[in-house]
Amino acid sequence: MHGLMQEWPLLCHKIIDYAASQHGKREIISRSVEGPIVRTNYAEARARALKVAQRLEKNGFTLGDRIATLAWNTARHLEVWYGIMGIGAIYHTLNPRLFPEQIAWIMNHAEDRAIFVDLTFLPIVEAIADKLPELELVIVLTDSANMPATRLTNAVAYEDWIGEVDGDFTWHSFDEKTAAGMCYTSGTTGDPKGVVYSHRSNVLHALISCQPDALGIASNQTIMPVVPMFHANAWGIAHTAPMVGATLVMPGGRMDGEAIYQLLDEERVSMTAAVPTVWLMLLQYLEETGKKLPHLNRVVIGGSACPRSMTQKFQDNYGVDVVHAWGMTELSPLGSLGTLKPEYADLEGDARLDIQEKQGYAPFGVEMKVTDDDNLSLPWDGKTFGRLKVRGPAVAAAYYGGDGVEQFDDEEWFDTGDVAHIDAEGYMQITDRAKDVIKSGGVWISSIDLENLAVGHPDVAEAAVIGISHPKWDERPLLVIIPKPDRQPTREQILEFMDGKIAKWWMPDDVVFVDEIPHTATGKIQKITLREQFKEYRFPTA
Ligand code: AMP
């Protein structure tokens, strides 16, 4: 017997409808690409999204079309997403930090028919336009006053373009499993792979991630996603914030400490989210200026491991709670969050930091396990590590075009490629990417643990650890460090600092100092390039 409840397809445009009707006056504040801070609200954003949908349809775009966006976080980018989804087309976010050739490859792979592009990134589209035979229309996210001269014959100014319709439009209705969005993985090995979100998975992910023990977003909060909409579905915030009616602050293209601080302060942001590298810049700015964060309550940190020293600084020096989170483009993206269960809530000092260093526990809707190489589940004892696998309604079941089939098994478990352990309370800790663990004498050393420890040294700005081949042990860890400006720590000082805090055989065999550590387009340390850089390196002792 079926239940006798209504079919109410989980469609993303219902989120913006809800936001407009229940939280219509709640503001969306953006640092515009043209410069000034601009203010709109959910009612206006919905009205403009309807125009986007109507105008796209007028141009002949329809259900299933892939429409790219190459843009910063702004209200315009948000309304464009909803407009695209509202006709059953698919927003396809592009990461401007990729090489132009990679962007062209991804656009062709996805067969994007049109692109919404910020002024900042127009030169990228101009440079690759000849390689994009499928691309029919370039909509530049600005008005005619700011529209630059361009060699593209198919480029229009966004405000003029949507100005040609009246917004008298009804969202289309279709199956909730219809594709809504697309985002390619960063492709640290091989070509990038396309993840395709559905309306259903986006809505469920927003419901899952707004819960009090997850992101904990509500209508009385002001949230600033510094994490870009082009990285991993904006951690779902473009859906979660309107779903609960939170005030949204969109930081646009300025990512420096001062610019981020200005918005946090002037717009009284209560919660924000980004990768650790952004927070390194902010903390450095705060240390240099002596400024404080009186309005901010919570910062969500993920994308790569949040160092213990960062959590400590936010909490002890600025009174801001840190929620360490783990996720992947393939998970829509949130997979675990480090809010504290009652079992851990009363912990203080180091004991609390020990838990916060972990990536947290899976919310409802994410099943998680760690397995050995034979796919046997490992115990939740907080130390036995293995391959991390997940499944759930907002986890990818396949990649676009059938790539990467080996990552999915018959029971729909997705092999994340991360190595982790889970403790008795369900808190998961990533110890490495499977390809980055250092295999020393048949046992594994976590490069992430060593990096986290090293950045706790007061003279260290950033640290990376890679395995270097060793005649006796196969591989041993090499610690690569960028010192803080005007500091000159020595190898011995660093090793002394680490000594006693980790097992003896985990100690790096050497420390080298560099000016720069390569990063991927999503802010992770690019271990492949680093290994390439040090491929001739030999340990003095080896
Ligand atoms: P992306 O799809 O670009 O978000 O990358 C996902 C990968 O980033 C994961 O598989 C992890 O390797 C890494 N990652 C994300 N969050 C964390 C975290 N909190 N700690 C360590 N690694 C993380």
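Predicted model: local features only at pLDDT ≥ 70, side-chain atom pairs only at ≥ 80, totals over all residues.

Student: Which residues touch the most other members of the largest nonpolar core?

Tutor: Ile115, Phe116, Val138, Trp279 and Phe314 do, in a core of 144 residues.

Student: Why is this core said to lie between domain 1 and domain 2?

Tutor: Domain 1 (13–24 + 39–198) gives residues to the core and so does domain 2 (366–433), therefore the core lies between them.

Student: What makes Leu282 buried?

Tutor: The cut-off is under 20% relative accessible area. Leu282 has 0%, so Leu282 is buried. Leu282 sits in helix α10 (residues 276–289).

Student: Which residues does Leu282 contact, leaving aside neighbours within four places in sequence?

Tutor: Gly257, Ile260, Tyr261, Leu264 and Phe314. Ile260 and Phe314 are also among the contacts of Trp279.

Student: How far is Leu282 from Met255 in sequence and in space?

Tutor: They are 27 residues apart in sequence, and 9.2 Å apart in space, C-alpha to C-alpha.

Student: How do you know that helix α8 is mostly covered?

Tutor: Count its buried residues. In α8 (residues 237–244), eight of eight are buried. They are Ile237, Ala238, His239, Thr240, Ala241, Pro242, Met243 and Val244. Just after α8, Gly245 takes a positive phi of about 75°.

Student: Now the second largest pocket. How much space lies in it, and which lining residues are closest to its centre?

Tutor: About 360 Å³ lies in the second largest pocket. Of its 21 lining residues, Val196, Pro393, Val395, Ala396 and Ala397 are closest to the centre.

Student: Which elements give two or more residues to that lining?

Tutor: β9 (194–198), α7 (199–209) and β17 (386–391). β9 gives the most, with four residues.

Student: How do the lining residues divide by type?

Tutor: Twelve are nonpolar, four polar and five charged.

Student: How do you know that both domains take part in this lining?

Tutor: Look at what each supplies. Domain 1 and domain 2 each give at least three residues to the lining of the second largest pocket.

Notes: Residues numbered from 1 in each chain as written. Heavy atoms only, no water. Core = buried A, V, L, I, M, F, W, Y, C linked by side-chain atoms within 4.5 Å. Buried < 20%, exposed > 50% of the residue type's maximum accessible area, 1.4 Å probe, protein only. Domains from an automatic or database assignment. Contact = heavy atoms within 4.5 Å. 1 Å grid on protein atoms, 1.4 Å probe; cavity = no way out; pocket = protein on both sides within 12 Å on 5 of 7 lines; lining within 4 Å. Points joined across faces, edges and corners; volume = space filled by probe spheres on them. Nonpolar A, V, L, I, M, F, W, Y, C, P; charged D, E, K, R; others polar.
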